[in-house]
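Work through the exercises below with the sequence and the structure in view. Try each task before reading its solution.

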Amino acid sequence: MVVLTGGEPLCHPQLGEILRTLRETKVRFGMVTNGWLLDENRLATLLDFGIESMTVSLDGTRLNHDWLRGREGSFYRAVRGIELLARSDIPIFDVVTCANPRNLAELNEVEQLLRRVGVSRWRLFSIFPKGRAKLNRDLILNAAQLKQLLAWIATRRRVLRDDDFAIDFCCEGYLPKEVDRQVRDEPYFCRAGINIGSVLADGTISACPNIDRSLSQGNIRDDSFAEVWENKYQVYRDRSWLKKGTCSSCEEWAHCQGNSLHLYDADLGHAVVCHSSAHREGRNVLESG
């Protein structure tokens, strides 16, 4: 299955051509969107092309969502898109939220909004300190806040066990087993390069789109994606090279294998966040060793 993401895929000038190609080749596809451009006409077009899944980002109530998105009116546009999808016949639909220090206290309010408009599945993410987020500590949960988020998710999942509304912590970050089973439907597993590959906007072939560019494996303009997938993804599939520093003596290495691969920072030589130690010991960043 192909997922169109970004950035914002609805802004792409060749989106129509991409959709036609997907339909002609009978490739199943979905999309992740911020909802700004998602109106009735665009949704109808996407459904006509056979879209099977859509994810919309909603990052808090109005003030905090617009603050994070950097554009006034983003909240209302996102909610409009969510409402349209909730009323549509799209097979798979969910909402994702990037938890941060500013919206952590309003998760109950966001949940009530989503339930009210007909959402049945909600995934929560923590923002990781890479790219521009690395320069803005206002976006990053500290260890205590991460524990607060996970405890909230675990509590709500227990309450909602027999409900038709599901809350799930994202796939990012290895967590101790006793915590993991309380916040996720499926146990932690970094799928990058295992059953996820990506082609970036400039043609770069990667695994998860967020992975450090030093781990890229060619470019679609010069290389066959099938050839790269079969023969050049060893760096993703054998992660023994990550067993160094703090990770080299960690008892949880066999399950974690250096944490989610998109958290790896080539300049540091290790992952920028260790969720397990943050949860257990209040430490956020792996020490180099």
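Helices (H or I, at least four residues) and strands (E, at least two) are DSSP runs, numbered from the N terminus. This is a predicted model, in which local features need pLDDT of at least 70, side-chain atom pairs count only at pLDDT 80 or more, and totals for chains, interfaces and linings use all residues. Residues are numbered from 1 along each chain as its sequence is written, and side-chain values use heavy atoms, with hydrogens and water left out.

**Exercise 1.** Find the helix that holds Arg156, and decide whether Arg156 is buried or exposed.

*Solution.* Begin with the helix: Arg156 belongs to H6, which spans residues 143–159. Next, take the cut-offs, by which buried means under 20% relative accessible area, exposed over 50%, and partly exposed in between (1.4 Å probe, protein chains only). Arg156 has a relative accessible area of 17%, so Arg156 is buried. Finally, look at its neighbours: leaving aside residues up to four places away in sequence, Arg156 touches Asn108, Glu111 and Ile167, where contact means heavy atoms within 4.5 Å.

**Exercise 2.** Determine whether the radius of gyration of the chain agrees with that of a compact globule.

*Solution.* The radius of gyration is taken over C-alpha atoms, and the globule rule is 2.2 Å times the number of residues to the power 0.38. For 289 residues, a compact globule would have a value near 19 Å, and the chain has 19 Å, so the two agree. Along the principal axes, the C-alpha atoms fill a box of roughly 55 × 50 × 35 Å.

**Exercise 3.** State how many helices and strands the chain has, and what share of its residues is buried.

*Solution.* The chain has eleven helices and ten strands. Of its 289 residues, 48% are buried.
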